[in-house]
Amino acid sequence: MSLSNKATLFLVATPIGNLSEVSDRTLDTLRNVDVIACEDTRNTIKLLSHFDIHTRMITYHNFNEEESARGIIKLLEEGNNVALVSDAGYPLISDPGYLLVNAVIEKGFRIVTVSGPNAGLNALVASGLNTNHYLFYGFLNAKTSQARKELEELKTFPYTIIFYEAPHRIEKTLKLMHEVLGDRKACLARELTKVHEEYHRGTLSELCELHELKGEMVLIVEGYKKESEETDIEQLLDEVEELVADGERSKQAVNQISSRYGFSKNVLYNAYLKRKDERGE
Ligand code: SAM
């Protein structure tokens, strides 16, 4: 492999469980760079030993990213090529590296990515949920009150959402999602690329029936459905009509209901007129 004269930061994705998913290019890069910056040397050493790679490792800490980034910039300034890896999958994806990449861009060093597995994408493509558009959300906040707020914000997001979750929190998270997002389709993908890889597909309420889930897991959740938006309009129209029946003028009633629910006045008023028209009123 030829490394450029200009010092380069290689962002290298590593296996998420199955070591045979590592590519020749990944191995070449890890073998030929001067330094590998990793989250935890105890994890990365397993990968390196398996492939008989002896490149020097340094730690890139999540809890002290600024200082770690400064150290790597210094290495690049001295002409070293550096590979950044995380414990699994892509660095920067629910893993450290964001500060470093920005610092490297600012300093004008080269950045090269070396492709590999990502847990979220594996789970998404096997989930059976819409893959045309999706959001990678990663971990919700560990505090329930904060997680609830985040889910409230995602409630009307219309596309599939990818979440990461730890096994000790999954049951609580599924209940919270069911409570806040309603009963949507979802898929819990476990132990991807490993011997016990499995998928639980169903609705959030069905997934809430699962217990003692172990291992690493990704949760794919269906986006907000247009049908429910239409149902919402019907419900809003019912409320408008109740106000009108109580003597409110139609425009006033529409204004009141649309501001109560943060809904477009025009859309609601047109739907109101259409409903009246369809009834021949
Ligand atoms: N950087 C990684 C990536 O690109 O996928 C993600 C790292 S994040 C710290 C770890 C989380 O990823 C786990 O808690 C789990 O949600 C998910 N994950 C990683 N490996 C997985 C696997 N083999 N099966 C299922 N989920 C996995």
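Me: Which strands each supply at least two residues of the shell around the ligand?

Reply: Helices (H or I, at least four residues) and strands (E, at least two) are DSSP runs, numbered from the N terminus. Here strand E7 (160-165) and strand E10 (217-221) each give at least two residues to that shell. Bear in mind that this is a predicted model, where local features need pLDDT of at least 70 and side-chain atom pairs count only at pLDDT 80 or more, while totals for chains, interfaces and linings use all residues. Residues are numbered from 1 along each chain as its sequence is written, and side-chain values use heavy atoms, with hydrogens and water left out.

Me: Which residues come nearest the ligand?

Reply: A residue is near a molecule if one of its heavy atoms lies within 4 Å of it. Of the 18 residues around this ligand, Ile16, Asp95, Tyr164, Leu192 and Met217 come nearest. By type, the shell splits into 10 nonpolar, three polar and five charged residues (Ala, Val, Leu, Ile, Met, Phe, Trp, Tyr, Cys and Pro count as nonpolar, Asp, Glu, Lys and Arg as charged, the others, Gly among them, as polar).

Me: What about polar contacts?

Reply: Look for a pair of N or O atoms within 3.5 Å. In this case, an oxygen atom of the ligand is 2.7 Å from an N or O atom in the side chain of Tyr164. Taken alone, the ligand exposes 570 Å², and the protein buries 91% of that (Shrake-Rupley areas, 1.4 Å probe).

Me: Where does the ligand sit?

Reply: In the largest pocket; "sits" means that more than half of its atoms lie within 2 Å of the pocket's grid points. On a 1 Å grid over the protein atoms alone, a pocket is an open set of points with protein on both sides within 12 Å along at least five of seven lines, a cavity is a set where a 1.4 Å probe fits but cannot get out, and lining residues have an atom within 4 Å of a point. This pocket holds about 460 Å³ of space. Its lining has 23 residues, with Ala88, Ala119, Phe139, Tyr164 and Glu216 nearest its centre.

Terms used:
A polar contact is a pair of N or O atoms within 3.5 Å; within protein, one must be able to donate a hydrogen and the other to accept it, and residues adjacent in sequence count only if both atoms are side-chain atoms. Grid points are joined across faces, edges and corners, and a volume is the space filled by probe spheres set on the points.
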